[in-house]
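Q: I would like to learn how to read a fold feature by feature. Can we work through one example together?

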Amino acid sequence: MNTYWSQYVQKTEELYLSRALKFHQGNMDKWIDAMQLHNGMKILEVGCAGGLLCHRLKERLPDADITGLDFDIGHIDYARKKTKELGLSCDFVAGDATKMPFENNIFDVCYSHTVMNFCDPEKFVSEQYRVLKPAGKIIIMDVYNRGMKPEEWIPTEDCEEKELFDKVWAAASANPHSQIKRYENRTEKYFAYLAEQGFQNISIDAVAAVNYAPDCDNINDETAHAQINDDRISELSSVEKACNMAPDALSKTEYQTLIDRINQRYDKKIQEYKNGEKRWEFRIATTVLISGTKPL
């Protein structure tokens, strides 16, 4: 059973919480409209991770039949457990996006979020063509953040935290597990992949989401704390993943010092927020949705 992604790339809880900030209750109508989803559809998420978006959609579309597929069994186990906790009825299946364990012509919609550039593109698209019903729709969602740093939580100021963080990741980088297999895809090429596999009515839409803006007055206290702590969780998870790949890179004292320094930095941010000290930091992610329809 594969746990590579959840162990070395993105921990399931880390990914679930970050997606919860992106696909939140206040903007789900935007996503559903952009994806043109409605009750009664049979929907598949390809690369569902911990199942956050499946859960959000099921809450809004209770009569839709929603399935999530992921290659990482750690993600799938988390998604199934979370589904029970939420009292929802989504189905989650462990499987390869390029060789899916589904029959032909059974889904109305197949969608994915930031998955295609980690898969063979022709197989990724052709498999969704196979499992879609005639007139079914494929939706490829990709974050379009040109000019923005994708991982704002990485320490940049010279300090003990940065020194230890860089030390453990320098060692982890020598481990083959740190080399994520990527395919040379660009968002602009996705249109051609869909056309080459036979999809028609190829279209584009976009949704912008504010991922981080705790000091703004339209962000409530709970969300502001969640946004700050999401960065904390990302860094702590990054350290854990690096230590999985390079367990001897830090001494026990160095490891605990690094964890303490990370928590101190984010505790300080939380306290500054509570004190009304404004940083006015913000991050906005624009997601493009490229879609196509399987012909009748």
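Q: Which unit do S2, helix H5 and S3 make?
A: Start with the ground rules. This is a predicted model: local features need pLDDT of at least 70, side-chain atom pairs count only at pLDDT 80 or more, and totals for chains, interfaces and linings use all residues. Residues are numbered from 1 along each chain as its sequence is written, and side-chain values use heavy atoms, with hydrogens and water left out. Helices (H or I, at least four residues) and strands (E, at least two) are DSSP runs, numbered from the N terminus. A crossover is right-handed if, with the strands pointing away from the viewer, the path from the first strand over the helix to the second runs clockwise. Here S2, helix H5 (residues 73-86) and S3 make a right-handed β-α-β unit. S1, helix H4 (residues 52-60) and S2 make a right-handed β-α-β unit too.

Q: How many bridges join S2 to strand S3?
A: Two strands pair if DSSP finds at least two bridges between them. S2 and strand S3 (residues 91-94) run parallel, joined by 4 bridges. One example is Gly68, whose bridge partner in S3 is Phe92. On strand S1 (residues 42-46), the pairing with S2 is parallel over 5 bridges. There, Leu44 has Thr67 in S2 as its bridge partner.

Q: Why is strand S2 largely enclosed by the rest of the structure?
A: Buried means under 20% relative accessible area, exposed over 50%, partly exposed in between (1.4 Å probe, protein chains only). Strand S2 (residues 65-70) is largely enclosed because 5 of its 6 residues are buried.

Q: What order do the strands of the open sheet have?
A: The open sheet has 7 strands in the order S3-S2-S1-S4-S5-S7-S6, with mixed pairing. S3 and strand S6 (200-212) are the edge strands, and each pairs on one side only. Neighbouring strands are turned by 20° against each other on average, direction ignored. Axes are lines fitted to C-alpha atoms, for helices over the stretch in contact, and angles run from 0 to 180 degrees between N-to-C directions. H9 packs on this sheet, touching S6 and strand S7 (283-293), and its direction makes about 100° with that of S6.

Q: Is Ser234 buried or exposed?
A: Ser234 is buried, with a relative accessible area of 7%. It is found in helix H9 (residues 221-245). Contact means heavy atoms within 4.5 Å. Leaving aside neighbours within four places in sequence, Ser234 is in contact with Glu14 and Trp153.

Q: Where is Tyr273 found?
A: Tyr273 is in helix H10 (residues 252-274). It counts as buried, at 14% relative accessibility. Not counting residues up to four places away in sequence, Tyr273 touches several residues, including Pro214, Ile219 and His225. Tyr273 and His225 are 48 residues apart in sequence and 8.5 Å apart in space, C-alpha to C-alpha.

Q: How many disulfides does the count come to?
A: A disulfide is a covalent bond between the sulfur atoms of two cysteines. The test is a pair of cysteine sulfur atoms within 2.5 Å. By this rule the count is 0 disulfides. The sulfur of Cys90 is 5.7 Å from the closest cysteine sulfur, in Cys54, so it is too far for a bond. Cys159 is in no disulfide either, and the nearest cysteine sulfur, that of Cys243, is 17 Å away.
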